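Subject: Structure for your review

Dear colleague,

Please find below the sequence and structure that I am handing over to you. My notes on what was found follow directly after them.

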There are 2 protein chains.
Amino acid sequence: MSTLHIRPATRGDISAIVAMLADDPLGAQRESPDDLTPYHQAFDRLDEDKNQHLVVAERDGEIVGTLQLSVLHGLSRQGTTRTIIEAVRVSAATRGGGLGTQLITWAIEESRRQGASLVQLTSDATRGDAHRFYKRLGFVDSHVGFKLTL
Amino acid sequence: MSTLHIRPATRGDISAIVAMLADDPLGAQRESPDDLTPYHQAFDRLDEDKNQHLVVAERDGEIVGTLQLSVLHGLSRQGTTRTIIEAVRVSAATRGGGLGTQLITWAIEESRRQGASLVQLTSDATRGDAHRFYKRLGFVDSHVGFKLTL
């Protein structure tokens, strides 16, 4: 099996990332891979913030996965730093090959490096497979995730 | 009814904030109001990050509420900026007086000012009253919230 390299995303990775975001039952309805303008603007906002880590997983020169890790400092839990994992995607051709586990394991290790003692994420209630996946990795489904669209 | 003022927290507010974090069935087990050192250190980390907004609600010179609003840029959903609300607390004496609604309403308005089109939060599965409160404010409980303690 060839080596997987997880590294910070660059502007050149945007179209590959958006393709993965869109190639998903929920993402298909809310992404616009034919117009990358809003993604380029968002990338610039992200790139300025040292507490945001958008990464890609590369194998044999191909982008096969992505996630965003956000570092949140805060007062609660005795000043605990927590991280939030968002926008986890694995390319369709690579699913089932353990890449999701490698990505989340990287995020957990990076969280430790960032001084975090809590990692959190939310997953759409319809993603039953994802829930089982996160539980296998030790995550506890202790919370209800609320969203308000503005 | 006297005027409520929601403003950025300062170092001088830390003890009042920690008292509110600790005065809660879950918070009582995980906060250390007798030793503020970790909270001061966390405040400094927070204060450096322009995408973190720790605020207090003040009425008649007294701190009666707090929350933290985090602004997260990202690529998904066509480059949507989202905000995350964490660590919402209202002082025991003030509960039931609509202050929680005022705090969350402020957070929603501030999210709009920050260019966000999605506001999200997680609430412990045991906090049934909080869940009804967020639903009344228009939040949808569409997600499962996972946590991993490191």
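Setting aside neighbours up to four places away in sequence, Ser111(A) is in contact with Leu69(A), Thr83(A), Ala116(A) and Val119(A), and also with Leu150(B) from the other chain letter. Please bear in mind throughout that this is a predicted model. Ser111(A) belongs to helix H5 of chain A. Its relative accessibility is 0%, and therefore Ser111(A) counts as buried.

One of the contacts of Ser111(A) is Ala116(A), which is placed in the loop between H5 and S5 of chain A. Ala116(A) has 8% relative accessibility, so this residue is buried as well. Beyond its neighbours within four places in sequence, Ala116(A) touches Thr81(A), Arg82(A), Thr83(A), Ser111(A) and Leu150(B). Ala116(A) and Thr83(A) are 33 residues apart along the chain, while their C-alpha atoms are separated by 6.4 Å.

At 1% relative accessibility, Leu99(A) is counted as buried. Which residues does Leu99(A) touch, not counting those up to four places away in sequence? They are Leu4(A), Ala57(A), Val64(A), Gly65(A), Val90(A) and Thr94(A). Leu4(A) lies 95 residues from Leu99(A) along the chain, yet 8.6 Å separates their C-alpha atoms.

Another helix of chain A to examine is H1, residues 14-22, whose buried residues are Ile14(A), Ile17(A), Val18(A), Met20(A), Leu21(A) and Ala22(A). These buried residues pack against several elements of chain A, namely helix H2 (27-30), helix H3 (37-47), strand S2 (52-59), strand S3 (62-72) and S4, together with helix H3 (76-79) of chain B.

In soluble globular proteins, nonpolar side chains tend to be buried together. In this model, the largest nonpolar core has 24 residues, and those with the most contacts inside it are Leu67(B), Ile85(B), Ile104(B), Tyr134(B) and Phe139(B). Chain A contributes to this core through strand S6 (140-149), which supplies at least two residues. The elements of chain B that each supply at least two are strands S1 (4-8), S2 (52-59), S3 (62-72), S4 (82-90) and S5 (118-124), and helices H4 (99-113) and H5 (128-136). With six residues, H4(B) gives the most to this core.

Apart from its neighbours within four places in sequence, Leu67(B) is in contact with His53(B), Leu54(B), Val55(B), Ile85(B), Glu86(B), Ala87(B), Val88(B), Leu103(B), Ile104(B), Trp106(B) and Ala107(B). There is also a second, separate core of 23 residues, which includes Ile6(A), Val64(A), Val144(B) and Leu148(B).

Phi of Ala87(A) is near 55°, a positive value in a residue other than glycine. Ala87(A) has 18% relative accessibility and therefore counts as buried, the limit being under 20%. In chain B, Ala87(B) is found in strand S4, and phi of Ala87(B) is likewise near 55°. At 19% relative accessibility, Ala87(B) also counts as buried.

Finally, I draw your attention to Asn51(B), in the loop between helix H2 (37-47) and S2 of chain B. Is Asn51(B) buried or exposed? Its relative accessibility is 6%, so Asn51(B) counts as buried. The side chain of Asn51(B) makes a polar contact of 2.7 Å with the side chain of Asp49(A). Leaving aside neighbours within four places in sequence, the contacts of Asn51(B) are Asp49(A), Leu69(B), Ser70(B), Val71(B) and His73(B).

With kind regards

How values were computed: Residues are numbered from 1 along each chain as its sequence is written. Chains are lettered from A and ligands numbered from 1 in the order in which they are written. This is a predicted model: local features need pLDDT of at least 70, side-chain atom pairs count only at pLDDT 80 or more; totals for chains, interfaces and linings use all residues. Side-chain values use heavy atoms; hydrogens and water are left out. A nonpolar core is a set of buried Ala, Val, Leu, Ile, Met, Phe, Trp, Tyr and Cys residues joined through side-chain atoms within 4.5 Å. Buried means under 20% relative accessible area, exposed over 50%, partly exposed in between (1.4 Å probe, protein chains only). Helices (H or I, at least four residues) and strands (E, at least two) are DSSP runs, numbered from the N terminus. Contact means heavy atoms within 4.5 Å. A polar contact is a pair of N or O atoms within 3.5 Å; within protein, one must be able to donate a hydrogen and the other to accept it, and residues adjacent in sequence count only if both atoms are side-chain atoms.
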